[in-house]
Amino acid sequence: MEEIIISENIYDLLYRLGVTSNYTGFAHTAYALQLCMGHPERLRTVTKFVYPEVARYFNTNWKAVERNIRTVGKVIWRENVALLEQLARRPLSKKPNSSQLLAILASSLETPNFDHSQEEPTAR
């Protein structure tokens, strides 16, 4: 199976959002984001393309991948919703689902001139 090199920007963003590598979802989310970088059409078919591809790579099933990415979303919502809202470029009235989370993060990573290293906003 082809190995994909994960961008350091993805890891850095997840850490800044409060997700650490001790979560299985950290690796699943990072890999899913790398798959979606430059391929936004994949975000429309996460259950048909992204989750199964991540599951194959990590030798698990797509439901576990979705659950682990959902856990990452819960951690982000608890730890740094302010930064997530900044990345989404709008206030969020509720926690985004897994595919929405991937879309927000992938979009922010692909936005030219978006400075992910700027000072973190205060979490709620």
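Let me begin with V50, which is found in helix α3; helices here are DSSP runs of H or I with at least four residues, strands are E runs of at least two, and both are numbered from the N terminus. This is a predicted model, in which local features need pLDDT of at least 70 and side-chain atom pairs count only at pLDDT 80 or more, while totals for chains, interfaces and linings use all residues. Residues are numbered from 1 along each chain as its sequence is written, and side-chain values use heavy atoms, with hydrogens and water left out.

V50 has a relative accessibility of 0% and therefore counts as buried. The term buried means under 20% relative accessible area, exposed means over 50%, and partly exposed lies in between, with a 1.4 Å probe and protein chains only. Setting aside neighbours within four places in sequence, V50 is in contact (heavy atoms within 4.5 Å) with A32, L35, C36, R42 and T45. V50 and E66 are 16 residues apart along the chain, and their C-alpha atoms are separated by 9.6 Å.

I turn now to the nonpolar core. By this I understand a set of buried Ala, Val, Leu, Ile, Met, Phe, Trp, Tyr and Cys residues joined through side-chain atoms within 4.5 Å. The largest such core has 35 residues, of which L17, L84, L102 and L105 touch the most other members. Two or more residues of this core come from each of α1, α2, α3, α4 (62-79), α5 (81-88) and α6 (98-110). Which element gives the largest share of this core? That element is α2, with seven residues.

Beyond its neighbours within four places in sequence, L102 is in contact with T29, A32, L33, L43, V46, Y51 and I69. T29 itself is found in helix α2, and its relative accessibility of 0% makes it buried. With the same exclusion of neighbours within four places, T29 is in contact with L14, I69, V72, L102 and L105.

The next topic is the aromatic residues. Rings of Phe, Tyr and Trp (its six-membered ring) pair if their centres lie within 6.5 Å; planes under 30 degrees apart count as stacked, over 60 as edge-to-face, and the rest as tilted. The structure holds five aromatic pairs. One of them is formed by Y15 and F26, a tilted pair at 5.0 Å centre to centre with 45° between the planes. This pair links distant parts of the chain, as Y15 is in helix α1 (residues 8-16) and F26 in helix α2 (residues 24-36), eleven residues apart. Y15 is partly exposed at 42% relative accessibility, whereas F26 is buried at 5%.

Y31 and Y57 form another aromatic pair, this one stacked, at 4.2 Å centre to centre and 15° between the planes. Here too distant parts of the chain are linked: Y31 is in helix α2 and Y57 in helix α3 (residues 46-58), 26 residues apart. Y31 is buried, with a relative accessible area of 2%, and Y57 is partly exposed at 27% relative accessibility.

Let me move to α5. Why is α5 described as largely enclosed by the rest of the structure? The reason is that seven of its eight residues are buried. These are V81, A82, L83, L84, E85, L87 and A88. Their cover includes α1, α4 and α6.

Just after α5, R89 takes a positive phi of about 60°. Most residues other than glycine have a negative phi. R89 lies in the loop between α5 and α6 and is partly exposed at 48% relative accessibility. N59 also has a positive phi, near 55°, and is a residue other than glycine. N59 lies in the loop between α3 and α4, and at 72% relative accessibility N59 counts as exposed.

I close with confidence, expressed as pLDDT, the predictor's confidence in each residue from 0 to 100. The mean pLDDT of the protein chain is 88, and 86% of its residues reach 70 or more. Where pLDDT is low, the predicted coordinates should not be read in detail.
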